[in-house]
Structures are given as structure tokens and as C-alpha cells.
Amino acid sequence: MDRTLIKDLNENIGKEVQISGWVDVRRDHGKLIFLVLRDRSGTVQAVVTPKAEEALKAAEHLRDEWVVNVVGEVKERPDNMKKEDEQNGELELSVTGIEVLSEAQELPFDQSSDLNLDTLLDYRPLTLRRRREQAIFKVQHVIIKAYRDFLTQEGFTEFQAPKLVGGDAEGGAEVFKVDYFYDKTAYLATSPQLYKQMMVGVFERVFSTGNMFRAEKSATTRHLSEISMLDFEMGFVKDHSDVMVMTAKLTAYIAQKVSEECAEELKLFGVEAPLVPEEFPTFTLREAQELIKKETGVDKTQEPDLEPEDERFMCEYARENMESDFVFVTHFPTNKRPFYTHVDPESPEYTRSFDMLFRGLEMCSGGQRVHEYETLIDRIKEKGLDPEKFSFYLQAFKYGLPPHGGIGMGLERLTAKMLGLTNVKEASAFPRDMNRIDTLLSKEE
């Protein structure tokens, strides 16, 4: 008999089927044994009665997480037993046969309880099986699929950026060194920035997905040492505003797909779909700081960036006053942005750059890039860097690149804020930070 997925059982009422999966829950009720069975498509209640003598004997030994093949008849529940708010709440499986494929030891925790972060991560191969964690990564899957689909529709081409690089694109960020290449030191990439700029000369519009690495000594709820980045770069822009328009359209598309395809997951976490206006609220950095001063009395108008509490304020203000969960902040100081960032010719102390904030957190950075060869060399020197070390990258500019710009967005941060998670580590299937690679690094062997 061919396998039937649990999500398809409602198409087989009155028929005998075989399902395969895990025992989620076992409950004994008098002479009956009730099972909740789980496969990749969902869950269903199954009942084993004394009529199925051999199946009942097998069911008596079942425990949580045992892997089984189960044969039975799909039956409609009586009206007073139906549960309209749960998957397969209108039916159950009357079991006639059970085959055990794999036994499981007793779990080291209760799957249904609220688990602290260390337990969630120490037992990650097991906690990922929970409905809550499945929901997180279902949402993440929809985000990355929507990201790819939208940009492909907009004429972008995906490429894979290298993860081993000869230098850091940010010009000074903390990096992981790799001692392997003869007498040269290589690094794990912090960004695909330089490579996606080169690829603008090939396809005009490109995007990349993949892991990047940050060696910041930061153990916070918003930092990871290995992050999944969503980057795009587009040629023939007039300035950073073209990039912002594309970013807003991309973000709105992602939010729409999450709302449509993950309604149950959003409900599980008790969060609403993002507020997405037709046009995102936009402030320059100084305008944002003036607003903060006016509303809170705190003067930060000389600061080069927004603090975390400022990002939270701006998002709360936009939601309450502009019906938006998204905010653009533009024109960050020239001396605080990387060498490749385009300077605003009308205000040379500021750049044509922006951050997009979402629900209190910086979600992506972007802007227009320098595209003129000589100007780029000057900017590299101004940052105290050696142009010779960027000679490979500079070839693209020496032989002609159009005005271009793009963004880099963190997948884990976006997932976390979509679901209201308090720690970005929960939005990484297997998070790495300065304290953990699967297990706590400080834990004694």
C-alpha cells in the first residue's frame, strides 16, 4: 500500500490508508489507546481498539517519538466530537495495523512545556521537531522563497558569493582568520558586497543568499557569529532612492507571502501580519534624531548613528502615527560608512545610504555605491586602506560599471521580528555565537 500524507486524509474518508511518521502523543483511555501521529504535513488522531488485537498489542509498547507505519480506516468523527480549529479535527484514523520502524528513548524534557533558551539549543535535534520550532522555520522558508521569487520576477539573477576572501569588505570589522593559503591570511566573508558589485557588470541586477561570518565579541539577543544574508545589487540607479523603492516592494511582497502562507504560524505566536503602507515612512538621520529630541527630550542630534532604543522609538512612532511597521532612515555620516558608499554631492558630510527598521530593529542597510574608478580609489585611501589590496575588485570599475546600489538583509532578524521572537538565536536552526557551536563552549567536558 502506498503511503498517504496526513494532510491528505480528508480526501480519503471511508478508505483504508497507510501513514508513516512519529508518535507525537500516546494516551490510554480504558481499553482504547489514542495516538497523535505526526509527519511532515501535520498531525492526526488515531484510535486503537480491542477489535484490532495485534495493533493493540503493538500500541501498548509505543512511546513518544517512535517511528511507525500505521494502517487504518479514515473515519469522520461524530458532530459533537469534531474540532474545527485543529488540523484533521473532523476525522480520525481507526487503526488496524502498526509496524514499528524505529524505537526512541525517553525525551530529556517535556516537548509541550515552555523551554528556556539553553534547553532549546542544547537539544536542538529534538526541539526542532516541536510545532513551535517547525513554525519558525516554515516562516523562514516562505521568506527566502518570496525573496528569490520577487527578485527573479524583477529581472535579477542569483549567484553564489565566495565565503573565503582575501580581505574584509567593511574595512575593519571583526573577522575570522583562516591560516591555510601558503603564507597568506584569508578570512571568512562578512558580506558578499564586493562580489555583487562586480556582478553588476555581468548581469546588471543580481542577488545572493548564503552564510556570512562576524567575529564581533557580542553576546546579545540580536547578534550571531554566523548569519544568513539576503543581498541584492542593481545597476543604472539614479541614486539611493531607487534602491529604497525596490527594497520596499521586496519587503511588501515578503510580508504578503508570509501573511498568506503562514496564517496558522502567525496565529500560533499570537502576532499580526506586518503593517505595510504603500510608501514607507522616511527620515534622514538628523530628522529622526530631531523627532526623538522633540518627543522624548533626549538630544542625540550629534550622534553618528541610531542607538537600539532609538530604533525602537522610531518604529513605535511609525506604527502609531503612520500605520507602518517599516521605517527608512537615510543619510548617515560619510566617516561612519564603508568606502564603497556614495557621498551625497549636495551634503558631502553625509552618504546616499539608508537603514530599514522593522519592529524596533535595524533589518537591512543599503544605499548607492561609488561606481567611478578614481573616486573609489580615493575613498579607499581616505579610509586608511591600501588600494592595491583591492586590485581584483577594482578591475570591475576600471573597465566600466554603471551607477548602482543594493542592500544586505539578515534572514534571522527578519524571521525573528515577523514572529515576535525575543532572541535572534531562535530564528537560526543551528545558531553559532561566541558562546556556542551546537553545545556551550564554556561547558566542561
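Let's start with helices H8 and H9: the axes of H8 (residues 285-296) and H9 (residues 308-322) come within 11 Å and cross at roughly 80 degrees. Those axes are lines fitted to C-alpha atoms over the stretch in contact, with angles running from 0 to 180 degrees between N-to-C directions. So H8 is roughly perpendicular to H9, a label for angles of 65 to 115 degrees. On the H8 side, the contact is made by Ala288, Leu291, Ile292, Glu295 and Thr296, and H9 brings Asp310, Phe313, Met314 and Tyr317. Contact here means heavy atoms within 4.5 Å.

A word on what you're looking at: this is a predicted model, where local features need pLDDT of at least 70 and side-chain atom pairs count only at pLDDT 80 or more, while totals for chains, interfaces and linings use all residues. Residues are numbered from 1 along each chain as its sequence is written, and side-chain values use heavy atoms, leaving out hydrogens and water.

Zooming out, the protein chain has 12 helices and 19 strands; these are DSSP runs, H or I of at least four residues for helices and E of at least two for strands, numbered from the N terminus. Its C-alpha trace spans about 85 × 55 × 45 Å along the principal axes. Of its 445 residues, 50% count as buried, meaning under 20% relative accessible area with a 1.4 Å probe, protein chains only.

Now, is Glu265 buried or exposed? Glu265 is buried, at a relative accessible area of 8%. Glu265 sits in helix H7 (residues 263-269). Leaving aside residues up to four places away in sequence, Glu265 touches Arg131, Ala135, Lys138, Val139 and Leu419.

Methods: Parallel < 35°, antiparallel > 145°, perpendicular 65-115°, else oblique.
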